[in-house]
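Take a look at the structure below and keep it open while you read.

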Amino acid sequence: MALTMDILTHDDIETLCLGATLLGAGGGGDPYVAKLVVQQALETWGPVQVVDAGDLPPEALVLSTAVIGAPTVILEKLPAGTEYVGSVKALASYLGKEPAAIMSIEVGGLNTLLPIATAAEMGLPIVNADGMRRAFPQIEMTVLTLAGVPASPLSIADEKGNQCVFKTTDNHVAESLARAAVIRLGLANAISCYPLTAAQLDEHGIAGSLTYCSEVGGLLEAVKRAEEGSWERFLAASGSAEFFRGKVVDLDRRTTEGFARSTAILEDLNGSDSTMRIEVQNENLIAFLDGEAVITTPNLICLLDCETFEPITTEYLAYGNRVVVIGMPCAPEWHRPGMLELVGPPVFGYDVDFVELPGRAR
């Protein structure tokens, strides 16, 4: 069921979770545990109102919350459930102002869902907007940075009650300091960053992200039910293209410098000599087909199970998996001056030019 209401209930979460897993582009953390957390929160505290930033008073404070760390660690270290509200309250205390609403800084992966649970617990609405409409591994990688919006002051909270708040000179320094803190705090913590007024979010954010997430989740649900023509409808509506169907024959995975990194090699399921190599830093970043880059960040590289069409996150990808690889366009808001300097392939250490997808960005 695609999100069409202005209230989020328990019944909306399955579809939203499927869309969030897809938009995670392999990363953003496995939303399964977050799904359980938000379902429990909605049962305990009731439905959450969904609002547009423009519906709020212009000076209303909107705060985000998200998990920060390495997906491989987040997979094994379950949240205590207190750190997300803790991160919001710590930042609100520093700012001396109560938030009027909560937002997801990235609609992709589990960070789509945890802010909804936080909003339910705090009795606040959730804003139908974000800063990425996908997942990215670093704090500064948002369209908000492109617009010159500071990520700090920001707060970090862990499951034991440790909290810190700091202010930085730019968003790259914010990423460096936050990463150093979470390495010390166990690599799976809560963060609240990019404190915004509703007017700032309305001007610079990506509007409608939760609706979009629910829409692509609904389209993928139809594919999973094997409805006639559903795969073609999913590709057309999302502007995506299928690039490869292959089996994972090699997988090199490591956790370094606070990130989960891996390289996956896929062999063609049709028996040809073609291979695809996918490079990962928390999220799938670049797909090489027979040595040529064919999908590059910031467009999304999504791997789906060949039989179930369930999106596969990088931490669950395993030798022998048979997958469909699709390229999905990033949000149009990314196509602004400075995009490639912020989230293009060279930023992640690859001497590769950005490659546009065959379809148009939606």
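In which helix does Val 38 lie? Val 38 belongs to helix H2, which covers residues 31-45. One thing to keep in mind before going on: this is a predicted model. Leaving out residues up to four places away in sequence, Val 38 touches Ile 13, Leu 113, Ile 116 and Ala 117. Take Ile 116 from that list: 78 residues separate it from Val 38 in sequence, yet the two C-alpha atoms are 6.5 Å apart in space.

Let's move on to helix H4, residues 83-95. Helix H4 has 13 residues, and its first and last C-alpha atoms are 18 Å apart, close to the 18 Å expected at 1.5 Å a residue. Its buried residues are Glu 83, Tyr 84, Val 85, Gly 86, Ser 87, Val 88, Ala 90, Leu 91 and Ala 92. Just after H4 comes Gly 96, with a positive phi of about 70°.

Zoom in on Ser 87, which lies in helix H4. Is Ser 87 buried or exposed? It is buried, with a relative accessible area of 0%. What does its side chain reach? There is a polar contact of 3.0 Å between the side chains of Ser 87 and Thr 65, and the side chain of Ser 87 also reaches the backbone oxygen of Tyr 84 at 2.8 Å. If you skip its neighbours within four places in sequence, Ser 87 is in contact with Thr 65, Ser 155, Ala 157, Ala 190, Ile 191 and Ser 192.

Look along S4 and S10: they pair in the antiparallel sense over four bridges. Ala 66 stands opposite Ile 191 in S10, while Ile 68 has Asn 189 in S10 as its bridge partner. S4 is covered on both faces: Ala 66 and Ile 68 are buried on one side, and Val 67 and Gly 69 are buried on the other.

Next stop, helix H7, residues 171-184. The buried residues in H7 are Asn 171, Ala 174, Glu 175, Ala 178, Arg 179, Ala 181 and Val 182. They cover an arc of only 165° around the axis, so they sit on the same side of H7. Why does a pattern like that work? An α-helix has 3.6 residues a turn, so residues three or four places apart point the same way. The cover over the buried residues of H7 includes strands S4, S8, S9, S10 and S14, along with helix H6. At the start of H7, a side-chain oxygen of Asp 170 comes to within 2.9 Å of the backbone nitrogen of His 172. After H7 you'll find Gly 186, with a positive phi near 105°.

Helix H10, residues 230-238, lets you try the idea again. Which residues of H10 are buried? They are Ser 230, Trp 231, Phe 234, Leu 235 and Ser 238. These cover an arc of only 135° around the axis, which puts them on the same side of H10. Over on the other side, Glu 232 and Ala 236 are exposed. The buried residues of H10 pack against helices H1 and H9 and strands S13, S18 and S19. Gly 239 follows H10, and its phi is positive, near 70°.

Those last strands take us to another open sheet. It has seven strands, ordered S17-S16-S15-S14-S13-S19-S18, with antiparallel pairing. Strands S17 and S18 stand at the edges, each with a single partner strand, so one side of each lacks a neighbour in the sheet. The twist averages 35° from one strand to the next. Within this sheet, S13 and S19 pair in the antiparallel sense over six bridges, and Phe 244 stands opposite Val 325 in S19.

Notes. Residues numbered from 1 in each chain as written. Predicted model: local features only at pLDDT ≥ 70, side-chain atom pairs only at ≥ 80, totals over all residues. Heavy atoms only, no water. Helix = DSSP H or I, 4+ residues; strand = E, 2+ residues; numbered from the N terminus. Expected span 1.5 Å × (residues − 1). Buried < 20%, exposed > 50% of the residue type's maximum accessible area, 1.4 Å probe, protein only. Arc of directions from axis to C-beta. Contact = heavy atoms within 4.5 Å. Polar contact = N/O pair within 3.5 Å; in protein donor to acceptor, adjacent residues only side chain to side chain. Pairing = 2+ DSSP bridges. Axes fitted to C-alpha atoms, helices over the stretch in contact; angles between N-to-C directions.
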